[in-house]
Amino acid sequence: MSKKFRFMPAVAALGLSISLFGAAPKADAQIVVMGGNPEGSLFYAKSQALASTISKYTDVRVDVLPQSSTVYFPMFMTQEVDVGLSSPLEAYSAFNAEGLYEGVNDGEGYPLSTLMLGSPIGLSIVVRADSDIETLQDLKGKRVVMDYGAFASSSITAEAALANGGLTAEDVQVVSASSYPEGVNAVIEGRADGAVGSLGSGILQQLNASNGARLLSVDPSDEAMARTQEAGPAFVPLEVEAGPVGVNEDSHLLGYAITLYARPDLSDETVRTILQTIWDNHEELATIHPSLATWTPDRFASTQTQVPYHPAAVEFYKEKGVWTDEIDARNSEISVPQ
């Protein structure tokens, strides 16, 4: 069953620095490095908002590293990065050393732990509004950005979206890009006919301003989603009402919960500080970036997680009364890489 989601439009300036969001941190503040994604992506905007909120209300200063998970997951092992926003698709692959992460860390996968599940994100292939491409099936033979290099989650999303439409990379002309924003740029510049589009991202608004943007609706049927989930097991169909950039009529997109991950050896005290601060101040997040209106405590502990929770997070959610038997069973099921 699909989840209905009314998207709130993003503010225009996604890359504001932390200093613009809150008071300057104390000189002796503990420094936590949060992996985000490159500027122009929705993940980067959300990372900045979460970082600024934590920095504002605690003695922890959170610095955002604008790099993809492919870059910062290995830095969990060296303790150069402490937490990071990522898609559960990429985290699952990294934790289990599968797909684009096959063989990493001598086949053991990267050590990851979940802190909280957050806002749902809507994704599909975006094309120019003046294009004759109306459906995913219309992409056959077209130039589609499929290879995003180190930006693994977008590569997975592209494969999953095509699979939803009954296509594979062999059915299209594969275009390469260095990041998610660069993929949409390829559509803006006419170097590609379609690329992964993230609802609410700044680069999608740029496409809309230059040529108009159309996010292709996905098929929410069980059969189509089974094909989709072979590429990305965390995907669910997300119903989006007409209105946001790229969605001119009620549509279905591919969705998952954006997740905050941490290195498993991050101290319990730091984990609790992060969780408590966001729990207490989640309503303020939407004033920084409207899409964070759905970053709410009822989503934080969930059976949808693809990577086990940090032990301190488990204890925190138990104290809050939101840790259920079903979540506990799911957490135990995935505690050892598959």
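**Exercise 1. Sort the lining of the largest cavity by class, then find what supplies it.**

Step 1. The lining of the largest cavity holds eight nonpolar, six polar and no charged residues. Here Ala, Val, Leu, Ile, Met, Phe, Trp, Tyr, Cys and Pro count as nonpolar, Asp, Glu, Lys and Arg as charged, and the others, Gly among them, as polar.

Step 2. The model is predicted: local features need pLDDT of at least 70 and side-chain atom pairs pLDDT 80 or more, while totals for chains, interfaces and linings use all residues. Residues are numbered from 1 along each chain as its sequence is written, and side-chain values use heavy atoms, with hydrogens and water left out.

Step 3. The largest cavity has a volume of about 120 Å³. A cavity is a set of points on a 1 Å grid over the protein atoms alone where a 1.4 Å probe fits but cannot get out, and lining residues have an atom within 4 Å of a point. The volume is the space filled by probe spheres set on the points, which are joined across faces, edges and corners.

Step 4. Of the 14 lining residues, Phe43, Leu123, Phe151, Ser154 and Tyr256 are closest to the centre of this cavity.

Step 5. At least two lining residues come from each of α2 (42-57), β5 (113-128), α5 (152-164) and β8 (195-198). Helices (H or I, at least four residues) and strands (E, at least two) are DSSP runs, numbered from the N terminus. The most is given by α5, with three residues.

**Exercise 2. Describe the aromatic pair of Tyr72 and Phe76.**

Step 1. The count of aromatic pairs is twelve. Rings of Phe, Tyr and Trp (its six-membered ring) pair if their centres lie within 6.5 Å; planes under 30 degrees apart are stacked, over 60 edge-to-face and the rest tilted.

Step 2. Tyr72 and Phe76 are 5.9 Å apart centre to centre with 45 degrees between the planes, a tilted pair.

Step 3. Both residues belong to helix α3 (residues 69-77), four residues apart, about one turn of the helix.

**Exercise 3. Which residues of helix α8 (residues 222-231) are buried, and how are they arranged?**

Step 1. Ala224, Met225, Thr228 and Ala231 are buried in α8.

Step 2. Down the axis of α8, the buried residues fall within an arc of 105 degrees, so they line one face of the helix. The arc is taken from the directions from the helix axis to the C-beta atoms.

Step 3. Asp222, Glu223 and Glu230 are exposed on the face of α8 turned away from its buried side.

Technical notes
On a 1 Å grid over the protein atoms alone, a cavity is a set of points where a 1.4 Å probe fits but cannot get out, and a pocket is an open set with protein on both sides within 12 Å along at least five of seven lines; lining residues have an atom within 4 Å of a point. Buried means under 20% relative accessible area, exposed over 50%, partly exposed in between (1.4 Å probe, protein chains only).
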